[in-house]
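Please look over the sequence and the 3D structure shown here before reading on.

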Amino acid sequence: MMEETEEQSKTEQSDAKQPDLSLRKGDYDGESLRLQMVTWNVATADPPDDVSSLLRLSSPKSPDLYIIGLQEVYARPLRFLSDIVFDDPWSHLFMSTLAPRGYVKVSSIRMQGLLLIFFSKLEHVPFIRDIQATYTRTGIFGYWGNKGGVSISLSLYGHKLCFLNCHLAAHMKYATERVDEFEYIMDTQTFDCKKAPTIPDHRLVFWFGDLNFRIQDHGMHFVRTCINNQTYNLLWSKDQLIMMKKKEQVLEEFEEGPLDFQPTYKFDLNSDTYDSSGKKRKPAWTDRILWRLRPKAPPPDEQENNVTVDAKQVKQLQEDEEYPLKIRQDLYTSNMEYGISDHKPVIGLFTLELRKMYETPLVRLQAEGDWSADIDAMVLYSPLQPFSSSTWDWIGLFKVGFTSLSDYTTFTWVKDDEVAFNDEVTQVYISKEEIPVQGGDFVLAYYSSTLKCVIGISEPFKVHESKVAIEEGLVPERINSLDKTVAGDPFWN
């Protein structure tokens, strides 16, 4: 096949229109939240020693949220079973890196090689509610999770968001199959939530992952010349995803920033050299991050004569007007520093501008008096808004810098250990045997089993070192290691 000239491609690429981003600088008011998205096909590799560059930890502005989607995480049966019981090495690395900086793993979901992790700064955790996660298999007749999608649905200050991490069918000729797989995932994933029971019902959806779309028609020489010259725009018109967005309704409402970075697949390991094997696969932007704001319902007086407006649309219209949500992409790029995979990771930075539907946590918590392992302790909590409590609600004691909700030091069942309550304040007992002997800085968190999220976090407070244990020569490390064994685990009840 003859190589295309740059003039021919310029004519075609003008049709590959890049989106008018939803939020312009200086064009909004309200609260700002920063999100960093990461997608990376890690090709079964073990994690690198350091992910500081991947997470942009040296950036002067830190994100409020990190959303990390991985594909092809090592999933041989023995390792996979181990990862179910314990955090997988990738999750452990991200948690240990982000926890000292004040981030907590709020949710995660794993389906074979697909992994999705959601981190938040601690200050936002009580306002992230209705958390649900699900998955859809599409690989090998739908029975094996080597392809498909995993998603996390949640409410952020009242706004319903969904994060969908996909790994779609490979190879150049399967573009239509990739769209079919995506449509199947969109149609079949559901959530136990009246406000957003399906993915399209969410106010904002992020779709990302190894989507596997390729650059068709252009020959290898032309593609590599464009990459070397950094004239990436000459390749856009033949990018399969851009092409499919023009004709597939399921894709039309998704936006994507300009592909102003070199294709992220396929590289020789531990190098920046594209595939030099006998197959010499053509470079492609397989790894992508897109988003979709739910289209605004037109006002009733602008509806077509033969279209009726249901109550749900009216409610959505009222919400859109009263609680606006806008988005701006601030960065869309790859990170070329990592060579453990034949893919390079892709990063997207976003600013969300929103009006919060609530700014008060459901519960206020505090530690009463001085705490140490020498005396029994009391927790005070006050409901600030009505919520459905349960016998499975619990209050956890967490060391400052904890990694996730399972990283508690101890916990107490709220209903079982109530000692006093009135209309305003409830007192909950914690035995001294459950309190860490070595002491330190801690916070308390109230977990609602009905809402499946934390609904209140205390201010940090100090637990004093046990004087009795020191005087008796007890080894603090040994006693502390027994804390969780004594307490059990609320997530397994």
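Is Asp-187 buried or exposed? In this model, which is predicted, Asp-187 has a relative accessible area of 55%, and because the cut-off for exposed is over 50%, Asp-187 counts as exposed.

**The surface around this residue**

- Asp-187 lies in helix H4, which covers residues 175-188.

**The chain as a whole**

- The secondary structure of the protein chain consists of eleven helices and 21 strands.
- The protein chain has 493 residues, and 53% of them count as buried.
- The accessible surface of the protein chain comes to about 23,000 Å², and carbon and sulfur atoms account for 49% of that surface.
- When contacts in the protein chain between residues at least 6 apart in sequence are considered, 72% of them join residues that are at least 24 apart.

- Side chains of opposite charge can pair when their charged atoms come close.
- The count of salt bridges in this model comes to 16.
- One of them joins the side chains of Glu-319 and Arg-203, with a distance of 3.4 Å from N to O.
- This pair links distant parts of the chain, since Glu-319 belongs to helix H8 (residues 311-322), while Arg-203 sits in the loop between H4 and strand E8 (204-210), 116 residues apart.
- Glu-319 has a relative accessibility of 13% and therefore counts as buried, and Arg-203, at 5% relative accessibility, counts as buried too.
- Another salt bridge is formed by the side chains of Arg-294 and Asp-320, at 3.2 Å from N to O.
- Here too the pair links distant parts of the chain, with Arg-294 in the loop between strand E9 (287-293) and H8, and Asp-320 in helix H8, 26 residues apart.
- Arg-294 and Asp-320 are both buried.

**A pair between two strands**

- The side chains of Lys-462 and Asp-441 also meet in a salt bridge, with 3.2 Å from N to O.
- Lys-462 is in strand E21 (residues 461-464) and Asp-441 is in strand E19, so that the pair, 21 residues apart, links distant parts of the chain.
- Lys-462, at 48% relative accessibility, counts as partly exposed, and Asp-441, at 38% relative accessibility, is likewise counted as partly exposed.

**A closer look at Ser-448**

- Ser-448 is placed in strand E19, which spans residues 440-448.
- Why does Ser-448 count as buried? The reason is that the relative accessibility of Ser-448 is 0%, whereas the cut-off for buried is anything under 20%.
- Once the neighbours within four places in sequence are left aside, Ser-448 is in contact with Ser-388, Asp-393, Cys-453 and Ile-455.
- Thr-391 is 57 residues away from Ser-448 along the chain, and the C-alpha atoms of these two residues are separated by 9.6 Å.

Methods: Residues numbered from 1 in each chain as written. Predicted model: local features only at pLDDT ≥ 70, side-chain atom pairs only at ≥ 80, totals over all residues. Heavy atoms only, no water. Helix = DSSP H or I, 4+ residues; strand = E, 2+ residues; numbered from the N terminus. Buried < 20%, exposed > 50% of the residue type's maximum accessible area, 1.4 Å probe, protein only. Contact = heavy atoms within 4.5 Å. Areas by Shrake-Rupley, 256 points an atom, 1.4 Å probe, with all protein chains shown as cover. Salt bridge = Lys/Arg side-chain N within 4 Å of Asp/Glu carboxyl O.
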